[in-house]
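Thanks for opening this one with me.

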Amino acid sequence: MNVVIVESAAKAKTINKYLGSSYKVFASFGHVRDLPSKNGSVEPENDFEMHWDSDSKSQKIIKEIAAAVKNADKLILATDPDREGEAISWHILQILEKKRALKKGLAVERVAFNAVTKKAILAALKEPRQIDTPLVSAYLARRALDYLVGFTLSPVLWRKLPGARSAGRVQSVALRLICEREAQIEAFKSDEYWTIEAVLTTEKDEEFPARLNAISGTTLKKLDIKDATTATAIKAAIEKGEFRVASVEKKAVKRNPFAPFATSTLQMDASRKLGFSAKQTMQVAQRLYEGIDLGGETVGLITYMRTDGVQIVPEAISTIRNEVEKVYGKSYLPPFIREYKTKAKNAQEAHEAIRPTEITRKPADVTRYLQKDQATLYDLIWKRAIASQMASAELEQTAADIEVNGRDGKTYTLRATGSVVKFDGFLKIYEEGRDERPRAAKGKDDLADDDASRRLPPLTEGSRVTDKAVEAEQHFTQPPPRFSEATLVKKLEELGIGRPSTYASTLGVLQERDYVRIEKKRLVPEDKGRLVIAFLEGFFRRYVEYDFTADLEEKLDLISDGKLLWKDVLRDFWRNFTGAVDEIKDLRVGDVLEALNKMLGPHIFPPREDGGEPRTCPACGNGLLSLKISGKYGAFIGCGNYPECRYTRQLTDQNGGDGEASTPDGKLLGHDPDTGLAVTLRKGRFGPYVQLGDGTEDEKPKRASVPRGVDACTLELEYALKLLSLPREVGLHPESGKPIVAGLGRYGPFVLHDGMYANLDSVEDVFTVGLNRAVALIAEKTAGGKSRFQRAKPTVLKELGEHPDGGPIQVLSGRYGPYVKHASVNATIPNGKDPAAITVEEAVELIAARAVKDSKKPAKKATKKTARKAPAKSAKPASKSSKSKSAKTKTQAAEV
């Protein structure tokens with residue numbers, strides 16, 4: 001028997017069907033061991049010795065593999081064909097050797113395939129090799145660097161900047177790009193400018209637009225017409241003048257197709273065209289690669305999706321060209337094969353481009369077997385691959401200059417542009433998406449592409465045209481747009497930072513750490529992220545510089561190419577890095593905050609309208625505002641005269657002197673009109689809440705939690721008073737005469753009558769539910785026989801399919817939110833993740849993580865009831881007091 005090791009259960013299932021009974025395929029479920037998240041996992045002083053650890057799930061998998069290998073004839077390591085895949089094979093082999101699970105003489109082979117098809121796998125088995133040591137060395141260097149940076153910088157952040165979560169080698173540089181762009185936007189000063197737009201008509205009454213381009217032979221620059229007075233004067237000078245065509249220029253232009261997808265370009269176009277995040281793109285592509293059931297036959301639909309390469313193997317190119325000619329005709333097939341070159345610096349990692357494994361398998365043929373996101377991504381990949389070998393598009397671009405003599409004696413030249421597609425070529429099936437600026441950010445000057453794509457009517461030199469309308473239009477220059485995931489990936493790739501396979505995880509970490517948020521598909525830095533970057537730029541600038549990070553990536557590529565020794569690279573890095581850390585070891589937090597005050601000044605202390613000192617405290621008038629750090633609440637702005645002045649505000653509150661004051665105990669929302677007591681918004685152990693007054697020694701103040709789904713940052717006094725008014729008496733029950741009240745509890749909104757609780761649909765129902773509806777809800781609950789302690793049955797939202805270990809996986813909606821279930825394991829779906837969009841792979845990961853977490857919990861001690869032996873027949877009956885105590889215990893247990 002031959003034992004084959006792959007990464008995922010889905011791939012193992014597919015490959016098992018291709019190989020005969022003499023093969024047994026196991027899934028490692030990704031990495032089988034990693035550096036534990038604690039100090040000492042990498043020891044620089046001990047020649048960078050690395051200490052690996054496996055979780056309980058991986059230990060179980062390794063145990064199964066080791067047992068199978070003992071009786072095997074051959075061990076075949078068939079993990080993914082990249083750096084991470086090579087590392088997984090190396091780890092597995094190391095563990096098996098350490099366990100002495102490999103019998104003497106056992107053949108160990110490493111095979112790599114680019115597509116999960118029977119043909120590709122059988123071909124790979126005929127060309128085995130050994131593990132690529134330089135590639136593993138590059139992995140070890142990368143993993144050690146990431147660990148050393150993270151576990152050295154992060155504790156410094158925690159000590160000097162409480163509330164910060166972590167820093168990373170690539171994530172910090174990506175965060176710097178996002179924060180720098182935000183600073184550019186904030187510092188941007190808009191300039192006013194005007195354009196003169198005309199609608200002209202030919203003698204045949206054909207309309208076309210034109211724009212003023214030159215005055216008396218001098219070409220206008222963008223900001224030359226600065227105000228309405230100048231623009232209006234120009235308009236008056238040319239209106240109803242004699243317009244004639246001075247020149248018409250036509251030229252032929254060719255547009256060539258784009259290269260097939262690499263990982264980064266796939267992420268970019270999936271973001272632009274499909275609205276996918278980088279993470280979603282990679283998850284869907286992984287499923288297409290590992291195998292889809294096409295009505296009884298499981299097939300990998302695309303080649304490996306983590307690649308820098310843009311080249312396609314000759315046999316696939318031949319199939320593509322045949323398909324182009326067959327479907328679109330010979331005119332769409334260029335007379336030569338198009339060749340594309342990879343931009344990757346390391347040829348060992350420049351695998352084949354992402355393409356369909358079978359070009360003749362059109363999107364329409366497989367759509368019925370795919371989920372919607374899988375179908376749209378496959379369609380995108382198929383079209384890009386086909387288009388890459390199609391003929392160029394041929395366009396005719398036209399530019400016409402129209403002159404008019406103005407009433408002021410000047411000659412004005414307007415330009416009309418247009419473009420006509422003479423032959424669509426590859427555009428017949430594919431056009432790359434564009435990174436659109438937000439609509440509000442576009443001016444007429446930004447729409448040159450739209451103008452160029454317009455068809456002009458036939459124009460001849462010397463012919464007359466008439467102005468139907470002339471308008472002076474006002475514009476303002478716009479700041480650079482925020483990065484989208486697509487444009488950030490593009491920028492990182494241009495700078496040579498990170499790897500295409502890591503971009504999705506890098507973006508994910510930034511969001512998980514609350515360093516950035518996504519707003520209208522754009523990346524917006526949070527204050528926490530800006531603080532971290534300001535700190536790193538102030539005290540570790542070298543390590544967030546773009547050229548330093550890119551240079552390190554190049555060294556990693558040279559290691560994998562066998563041209564550098566990985567430990568030499570680590571030694572050079574560590575020597576300088578530890579020196580930088582030692583320099584700020586004794587720096588006081590106060591010094592750090594003052595440095596951040598200066599670096600973040602324009603953001604946290606914006607200019608005042610009256611021109612006064614931005615840092616003057618609006619409450620006391622003489623204190624100086626400064627950045628403050630709380631281990632519990634993070635960063636905020638406070639007055640330097642504390643405790644005499646207790647003014648504070650959030651970092652992003654930029655209302656200056658008119659802003660609402662706040663105290664260390666909460667933000668003042670206003671005062672209760674009935675009692676005159678202050679109403680404050682506070683943050684507690686279980687989330688935000690509102691409080692009325694401060695209470696007394698004998699009486700606690702009235703409090704109410706801010707419900708889920710209500711944004712505490714925008715909470716106003718009126719809503720806070722409504723919350724403090726709860727529970728609300730709805731009325732008296734018509735039968736019992738006892739009151740029915742509505743309120744908010746631990747499990748959400750409810751109505752209560754005589755100990756019977758019934759759920760309400762929404763928080764707003766608490767304030768609006770009437771007596772009739774409340775009585776009906778109580779009656780329905782009573783008829784169902786459910787007490788307040790009985791839970792409603794969870795709702796099944798989706799049947800995901802089979803778990804690799806057997807048994808169905810379900811997505812359910814429970815009392816605490818959506819979760820996935822397999823057998824007896826329930827795993828919560830993270831906030832922000834759409835339960836309807838979760839995949840089998842994501843569910844398996846969540847369930848595995850939950851199982852590991854549960855396995856680490858200490859076993860519950862047996863209760864006296866279960867531990868006690870059955871009483872002998874001669875035993876005396878229990879005393880009255882013990883009976884009472886037992887009954888009381890049972891009652892308490894039932895209540896819990």
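Where is Pro643 found? Point 1 takes this up, after a word on the model itself: what you see is a predicted model.

1. Pro643 is found in the loop that runs between strand S19 (634-639) and strand S20 (648-649). The peptide bond leading from Tyr642 into Pro643 is cis, and its omega is near 10 degrees. Another cis peptide bond joins Leu726 and Pro727, with omega about 0 degrees. Pro727 also has a loop for its setting, this one between helix H21 (717-724) and strand S26.

2. **The chain as a whole.**

3. **A helix pair to look at.** Helix H3 (residues 83-98) packs with helix H5 (residues 133-160) at an angle of about 95 degrees, and their axes are 9 Å apart. That angle falls in the range of 65 to 115 degrees, so H3 and H5 count as roughly perpendicular. On the H3 side, the contact is made by Arg83, Glu84, Glu86, Ala87, Trp90 and His91, while H5 brings Leu135, Val136, Ala138, Tyr139, Leu140 and Arg142. Sorted by kind, the residues of this contact are seven nonpolar, one polar and four charged.

4. **Aromatic rings in helix H18.** The count of aromatic pairs comes to 17. In one of them, the ring centres of Phe573 and Phe577 are 5.1 Å apart with the planes at 20 degrees, so this pair is stacked. The two residues are four apart in helix H18 (residues 566-583), which means that about one helical turn separates them. Both Phe573 and Phe577 are buried. Phe577 also pairs with Trp574: here the centres are 6.1 Å apart and the planes meet at 45 degrees, so the pair is tilted. Trp574 and Phe577 are three residues apart in H18, again about one helical turn, and both are buried. Now widen the view: Tyr543, Phe548, Phe573, Trp574 and Phe577 form one aromatic cluster.

5. **Charges over rings.** Two places are worth a visit here. The charged end of Lys57 sits over the ring of Phe29, 4.2 Å from the ring's centre. Arg176 lies over the face of Tyr546, with 4.3 Å to the ring centre.

6. **Positive phi outside glycine.** Asp205 is not a glycine, yet its phi is positive, near 65 degrees. Its place is the loop between strand S7 (192-201) and strand S8 (207-215). With 60% relative accessibility, Asp205 counts as exposed. Lys520 likewise has a positive phi, about 55 degrees, without being a glycine. Look for Lys520 in the loop between strand S16 (516-519) and strand S17 (522-525); at 80% relative accessibility, Lys520 counts as exposed.

7. Is Glu735 buried or exposed? Glu735 is exposed, with a relative accessible area of 75%. This residue is found in the loop between strand S26 (728-732) and strand S27 (739-745). Glu735 and Val775 are 40 residues apart along the chain, and their C-alpha atoms are separated by 9.8 Å.

How values were computed: Residues are numbered from 1 along each chain as its sequence is written. This is a predicted model: local features need pLDDT of at least 70, side-chain atom pairs count only at pLDDT 80 or more; totals for chains, interfaces and linings use all residues. Side-chain values use heavy atoms; hydrogens and water are left out. Axes are lines fitted to C-alpha atoms, for helices over the stretch in contact, and angles run from 0 to 180 degrees between N-to-C directions. Angles under 35 degrees count as roughly parallel, over 145 as roughly antiparallel, 65 to 115 as roughly perpendicular and the rest as oblique. Contact means heavy atoms within 4.5 Å. Ala, Val, Leu, Ile, Met, Phe, Trp, Tyr, Cys and Pro count as nonpolar, Asp, Glu, Lys and Arg as charged, and the others, Gly among them, as polar. Rings of Phe, Tyr and Trp (its six-membered ring) pair if their centres lie within 6.5 Å; planes under 30 degrees apart count as stacked, over 60 as edge-to-face and the rest as tilted. Buried means under 20% relative accessible area, exposed over 50%, partly exposed in between (1.4 Å probe, protein chains only). A charge sits over a ring if NZ of Lys or CZ of Arg is within 6 Å of the ring centre and within 35 degrees of the ring normal.
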